[in-house]
Amino acid sequence: MKRQAFWNLAGLLVMGALSITACGPDYPACDDDDDCKNKEFCVNNRCQLCRDDKDCGPGKQCAQGRCEPIPGFCRSKNDCGAGENCIGNRCQGSDDLDGAGKGTANDSTLGGCTIDPVYFEFDSSTLAPASRVQIENNVECARKKNITGLHLTGHTDPRGTEEYNLALGDRRAQSVRSVVTSLGMATAKVTASSVGEEMAQGTDESGWSKDRRVEFQAR
């Protein structure tokens, strides 16, 4: 009888331990992604729909754990209003263009400074020291112009597959975004996207070096 009682007690203890192990935190609290629903992520012990913009897809950004539309996002001119063009996936009117007709965050009447693209080496998303200096200058210029938000668009030269170049353009934009936010601009105010090789114009290294860039637009 004693032996049977012992094994009964042991069985109860094992079942209790398994029950405790199988019982995770109450949703939406979480310890890891397995505690969340399909296509959700565990971030800071809370289930949410995205970790960052990469989880949201084209035209959306990750804001406070939810995928929200990017204001003014476009794929072509047809997505924009009258008098606007789709530049770097953003609808921009004539007031958003500089004298060369390229979308920028510049306005010659404000700040006395310019916000210029950042360039990259071939097949790289690593920022050179000079590029980091340019980002610092751009952020300081944005402050002078009272620009509180930026959209960053990653570009590549035409070599490589379309899929690879879209991913490379995104990595470049995210590299710049990381530095911009580290300089004090609110993370939710800095968005990023990639057009890959879509707007590449170079036909040799001289032109390709200008294709490999991240452009800044005020938002």
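Setting aside residues up to four places away in sequence, Gln48 touches Glu40, Phe41, Val43 and Gly65, where contact means heavy atoms within 4.5 Å. This is a predicted model, in which local features need pLDDT of at least 70 and side-chain atom pairs count only at pLDDT 80 or more, while totals for chains, interfaces and linings use all residues. Residues are numbered from 1 along each chain as its sequence is written, and side-chain values use heavy atoms, with hydrogens and water left out.

Back to Gln48: its place is in strand β2 (residues 46-48). Helices (H or I, at least four residues) and strands (E, at least two) are DSSP runs, numbered from the N terminus. Gln48 has a relative accessible area of 19%, so it counts as buried; the cut-offs are under 20% for buried, over 50% for exposed and partly exposed in between (1.4 Å probe, protein chains only). The side chain of Gln48 also reaches the backbone oxygen of Cys50 at 2.6 Å.

Now for strand β10. Five of its six residues are buried, so β10 is largely enclosed by the rest of the structure. Its pairings are below; two strands pair if DSSP finds at least two bridges between them.

| Strands | Sense | Bridges |
|---|---|---|
| β7 and β10 | antiparallel | two |
| β8 and β10 | antiparallel | five |

Within these pairings, Tyr119 stands opposite Arg213 in β10, and Leu150 has Ala218 in β10 as its bridge partner.

Pro117 sits in the loop between β6 (90-93) and β7 (118-119). With 26% relative accessibility, Pro117 is partly exposed. Neighbours within four places aside, Pro117 is in contact with Gln134, Arg213, Val214 and Glu215.

Phe216 turns up again in the largest nonpolar core: of the 21 residues there, Leu127, Ile135, Leu152, Val176, Val180 and Phe216 touch the most other members. Two or more residues each come from α2 (129-144), β8 (150-155), α3 (162-182), β9 (190-196) and β10 (213-218). Such a core is a set of buried Ala, Val, Leu, Ile, Met, Phe, Trp, Tyr and Cys residues joined through side-chain atoms within 4.5 Å. Beyond four places in sequence, Ile135 is in contact with Val118, Leu127, Val176, Val179, Val180, Leu183 and Phe216.

Methods:
Polar contact = N/O pair within 3.5 Å; in protein donor to acceptor, adjacent residues only side chain to side chain.
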